[in-house]
Amino acid sequence: MNCIRQLRLLRTYNTSYYLRNKAASKCQDKIEERQHKFQLSEPILNEKYLLDPKNAAKISENSLMRKGIGDIYLVHEINNKLKDESLNPDERRDLESQLKNELKKIPNDTHPAVRNYGEEPKVVALFNKEPEFKHKVYEFSEICRKLNILRTDHLGNFAGHKSYYLMNDLAELEQALIRYTLSEILQHGFNLISVPDILPAEVIKSCGMQTDGDRTQVYRLLPSNLCLSGTSEMALAGYFAGSKLSQKELPIKVTAVSRCFRAETSGTTEERGIYRVHQFTKVEMFSVCSPAQSEDILNEFKEIEIALFNKLGLHFKLLDMPPHELGAPAYRKYDIETFMPGRKIWGEISSCSNCTDYQSRRLNITIDESAEFAHTVNGTACAIPRMLIAIIESFQNEKGFIEIPKVLQPYMKKDKIVKQKVIPELKLIKHAIKS
Amino acid sequence: MLRRLFNSSILIKRNASALYVTGDKAMENFAVLSPFLQIDERMSNFEEIKANITKRKMTLNLDELKSEYELYADVEKRKRELENRRVEIVALMKQEPSEGLKLEGINLRENLKKLKENSYYLEDQFIHNFLKIPNYIHNKTPANEKEVIYSFLDKPSDVIVNDKIHKLIEFYDSTCYYMKGDAAKFDIQIALDVCDYYKEAGFIKFSNPDFVRSIIPEAAAVDLSNIFLLKEDAIENKLNLLHLTGNGSMLNFLSFFAKLTIFSTQLPIQLISTGRNYNSMNHFDHQDLYSVVQTTCCQNFIAVNDEKSFDKIIEDQILHWKNIFERFNQHFRIISYPAESLAISESYKLGLEMYSNSQNEYIEVANFSYYSDFISKRLLFNYKQDKVTKFPHIYSGTVMNVMKLLINLVESNSDLKKFI
């Protein structure tokens, strides 16, 4: 038992194994302090308007209607304190910083047309007929299991929570959707741009997202200041940050296909499967334009989205969103919800927002000639997982096939998705294998 | 021997694996699988290991490994002896119970428990180094130099490098760059076209996740410090951490196959995917477009029964590359890498190189590796044949790095419009 005694002695030298984790990320230390080239600056807010007591009632009414967090009376209270000339420099600095923070929380103004919507969005239009089925209607994951085109089970320990593999025809459907969407929107004068999916935390913060804390929706790489982009809008906003654009360049319309990463999760039955996932591919539209153009651009984005989903034959509705659904940045926002017959819900597949100067003030995007802040408009052209759910659930038939929408058929070189036995069914080994 | 180990500095830090979880850690860290390691078999051929790491020019302290193994084997033997004696005592007690036997039984149980508790550290230490022992080297792998297998057109000479690339790519730093115009179109479209090509050649399209847990890179013998680590709750207590590698990375195919049992009739499996590859090794301050963090890649994955189809698969891959790359009408060559360029898990590796006039050297724009059953065994990807469990042989490669191809084409004055 001498051996045991010596081993016991050894054990006292064990440091806990998480040291390994520190070692694992050590090589990334050296790059942390590097400066990035994004031209970010402090938000340049319309202080003249916001700090004028005459506007307080109107601003407060807007904030309350939007159920946001901004409090204009608190802003004024701090501003009044700052008028006290007996403040010492430290107190002044603290108050100035508080004022800046409170000012940043004040939401964008609201489009007059939606102010009286109350709690509910306005259904502007309905498109295509609700699909009718003479057979039992199945939900996305049930159909995919039968066709063996999706795997979501038993992946947590290998690829992380809520991972998924699109297999065979479902992976082809993803590629077909990207090709179809791009071919459609590039006809509308958009420039394609490829964007980074990994961004410095400062860029993400400048888009109004928190990157720290327990409830953040942003993935962070350790131990760097790098984060994973939740939408290409973040990278595009960073791209235009600090720009002085000439009036004749406007409107600039760009589109990007990118991977989006979101730390949020959901446990509801309606959102089961790949409805809300941590990573997915998305085609995004983004525009920087003049104040006079933004309303038309929003309408153009809306029409492009309608045309995209209409040609696919989906049953969907266009919603003009009420004030409390706008978040802080949007002045007006349209959502598109499609009926997902398998889960029997209307699911959001797309939206577009006019953010007027809310983003451009934070990113300092101006128009050269007039020194005005530009306006920004963004819209989702195709977010893959929900499009897959909508298509698979809407176009299932009694034989268990999926009828591929006509506009996608040239890309997939077939008209239906049927079961193929080429991919092994999921069967995992349970026991250790003996040598 | 123990004293020597005891005195060595390696004991200061305990190496823990997510792939091979020792009993003490299994309380709080779920052991996802027990890798099939064949430790005794591999260690019995010590000369092969020695020759292998010499060829690969690796630095692995073999004396240390050997002594760790002897100690590990010694403890394992002792454990087996105690276990056997305990079984014996149970049987004897059934026949003829006695106080002496009962006491011996209790003592044995205690000793076995203590031996296990105290040997976890040694087990970790040995396994940590054992997992670094490289895969067998295929006999077609050249010993010292790259071997050119195929060459298309002649190496360009005295070409003026076109710097149009800076108009097509706005470079912020190694992590952030923006591609515009034809470059952005090329990046998306060529990748999709390559997937279509492979589909026509009998491959199945896959769309993979972007994250992997530590167990996957460990099984593929990829150093965890070379890939991005993601922040998670209670990360200090976890072994099986979350990493960002990208849906166009080889590792992200492996999560699908971990623990998967299939029928031999389902082989070969041939898959193709496209997506991002996030390379954390390129995340440092530089201006080199050829080594950026984020690239769009096409990755294939092949699983077959055994090594017999090696020649055919390599031949097919060369043919695929010819069909895909000759249309760009630029010089390229296909090479096989010498042993020293192989990763730990690779047994043989092909590369497709194009000549860069700006760098004055060949740049790898595609690769394809043979892993034999090295990774399958560690991840228990298995199939049954005649009731015997076997492990498929794996081939996988970044069959096109779109970014590198694009830069090369622009540098050499090719018009991207012709390909999109």
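A contact is counted where heavy atoms lie within 4.5 Å. In chain B of this predicted model, 75% of the contacts with a separation of 6 or more are accounted for by residues 24 or more positions apart. Of the 420 residues in chain B, 61% are buried, where buried means under 20% relative accessible area for a 1.4 Å probe, with protein chains only. The secondary structure of chain B comprises twelve helices and 16 strands, these being DSSP runs of H or I with at least four residues and of E with at least two, respectively, numbered from the N terminus.

Within chain B, the axes of helix α4 (residues 62–95) and helix α5 (residues 99–130) come within 9 Å and cross at roughly 155°, the axes being lines fitted to C-alpha atoms over the stretch in contact, with angles from 0 to 180 degrees between N-to-C directions. α4(B) and α5(B) are therefore roughly antiparallel to each other, a term that applies to angles over 145 degrees.

An open sheet is formed by four strands in the order β6(A)-β6(B)-β7(B)-β5(B), with antiparallel pairing, and two strands pair if DSSP finds at least two bridges between them. Because β6 (221–222) of chain A and β5 (211–213) of chain B stand at the edges, each with a single partner strand, one side of each is left without a neighbour in the sheet. β6(A) pairs with strand β6 (residues 228–230) of chain B over two bridges, and L222(A) has L229(B) as its bridge partner in β6(B).

Residues are numbered from 1 along each chain as its sequence is written, and chains are lettered from A in the order in which they are written. Local features need pLDDT of at least 70, side-chain atom pairs count only at pLDDT 80 or more, and totals for chains, interfaces and linings use all residues, while side-chain values use heavy atoms, with hydrogens and water left out.

Technical notes. Angles under 35 degrees count as roughly parallel, over 145 as roughly antiparallel, 65 to 115 as roughly perpendicular and the rest as oblique. Buried means under 20% relative accessible area, exposed over 50%, partly exposed in between (1.4 Å probe, protein chains only).
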